[in-house]
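Open the model in your viewer and keep the selection tool ready.

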Amino acid sequence: MWEELYREALEEGWKKLQKIPGVITGFHSTIDGLKRVDEELLKRLLAQFPHMKNIPDEPTPVIRTPEDLISDLLISIREGLAYQRMIENEETFKWTLENIGYDQLRLGGTSANMASLLSPLPINKILVYANPLTKELAELFPERENLFVLTREDGRPVLKSPRKAWKDQGIFAIHWILEYNKGLKVELDRVSFESPRANRFIAAWNPVNCRLKVSEEFKEDIFLIPDRFTHFLVSGFHILLEKYPEGKTCEDFIVPVASFVKEMREKLGLKVHYEFASIGSPVIRGLVAKYIFPVIDSLGLNEIEFATLLNDFGEQELSQELKDTRFPVVKLVDGLLKVIKRTTLKRIQLHTLGHYISITRERNELEERTALLFSAILAATRSLLGRYETLDDLKKGLEVPTITLTGYEGIRKIDDFNLIIVPTKVVQSPKLTVGLGDIISSSGFLLS
Ligand code: 8BR
């Protein structure tokens, strides 16, 4: 039965995407700088800090100095854990650019990734918010006829390909992905250790995006262009800081962006989806739930982010139980009911490795099932081939076997809500797993 439903979903989903007038993604597009960390690089860096004889237990909350960055990187290597920290000042950013540099630049940021992953699909227009759009960032976007940024030409707002709309040159924001292999040795005066597994440490300098500042030009022009948009994928709250060096707090930036999202939703008649992503700070998570949840329609997350959210909603016991019992579907459903009842969200979409679950207020369960199945085909194709360009590529993803059933799959009604659970396709040796959550949630939302 599921294989048949999958086949229908691919056909229906592909047709339905063509009817979507336009999709906006904002407000986080950036450059990822990939750098492989080896013993030689570490030795060269550590030579600058001869007084560093040991490292603390925990990484610093933010990176204020080059020494903080090195110490956080070493902690990540020692634990084999993927920490992410923001760089707070320009001097440290410049030091990192000069002393670490990068091997390769890649498109980064949730909004840019979503736009780029959606662009091979038959969607009429995708408008990505990318600011500041330098030549370096612009050239990382794929060249596609349906991908645009909003810019001005002769003083008038127009949609233009990002590659043709860049303003400055240079790297003004970068998220360093410092990757290391298993067994990387570190020797300090008082300690030595080696990485227990391959992983990465992310150090990000992004002074505009980390304040979620939306340009005044975009705020005016989005209401002036004649082009019609119907869906908005908002994200980027995971790179906010609790406090900023100039004395502001995250609340100072969340409140105005929430009110702008509300204005866009009301004036343009947009449906809004927010992709949660992993937010380390409970303070930021709390403020996002307070100000952002009321102005969106749809929320997307993975099971780990969901357990954290449940905890924030006062469901500590269920959150712990989920983690202890490896996220069984029934418990996830209990949690979803608790969260949706306490918000005005119209739908929540949760993805795990074996199942996608969505809970909705509206009676559109068949469309919702198609949406989830279609998004699973995209995830399977991307894992299998490392990319997708055409309908034929997706047909290869469709061939990936659907995983074993648990008995909970299907459509059900609970307390006035619709519950849709689908079994997914899991690729045995995936070529790529980065960005899968983004593509699952964004395509699921567009088809729901
Ligand atoms: P996040 O990026 O939000 O963590 O989501 C990752 C999702 O990618 C998982 O929930 C899972 O559904 C999907 N995924 C992963 Br990871 N590996 C996969 C694989 N080998 N085949 C199909 N989907 C996969």
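Which residue forms a salt bridge with K53? Select D189: its closest N and O atoms to those of K53 are 3.5 Å apart. A salt bridge here is a side-chain nitrogen of Lys or Arg within 4 Å of a carboxyl oxygen of Asp or Glu.

Before moving on, note that this is a predicted model, where local features need pLDDT of at least 70, side-chain atom pairs count only at pLDDT 80 or more, and totals for chains, interfaces and linings use all residues. Residues are numbered from 1 along each chain as its sequence is written, and side-chain values use heavy atoms, with hydrogens and water left out.

Stay with the pair. K53 is partly exposed at 28% relative accessibility, while D189 is exposed at 62%. (Buried means under 20% relative accessible area, exposed over 50%, partly exposed in between, with a 1.4 Å probe and protein chains only.)

Next, select K425 and E3. They form a salt bridge, with the closest N and O atoms 3.2 Å apart. K425 sits in the loop between β18 (417-423) and α15 (436-447) and E3 in helix α1 (residues 2-17), so the pair ties together parts 422 residues apart in sequence. Helices (H or I, at least four residues) and strands (E, at least two) are DSSP runs, numbered from the N terminus. K425 is buried, at 5%; E3 is partly exposed, at 32%.

Now go to R387. Its salt-bridge partner is D393, with the closest N and O atoms 3.2 Å apart. R387 is partly exposed at 40%, whereas D393 is buried at 6%.

Finish with R152, E220 and D221. Salt bridges that share partners join these residues into one network. How many salt bridges does the model hold? The count is 31.
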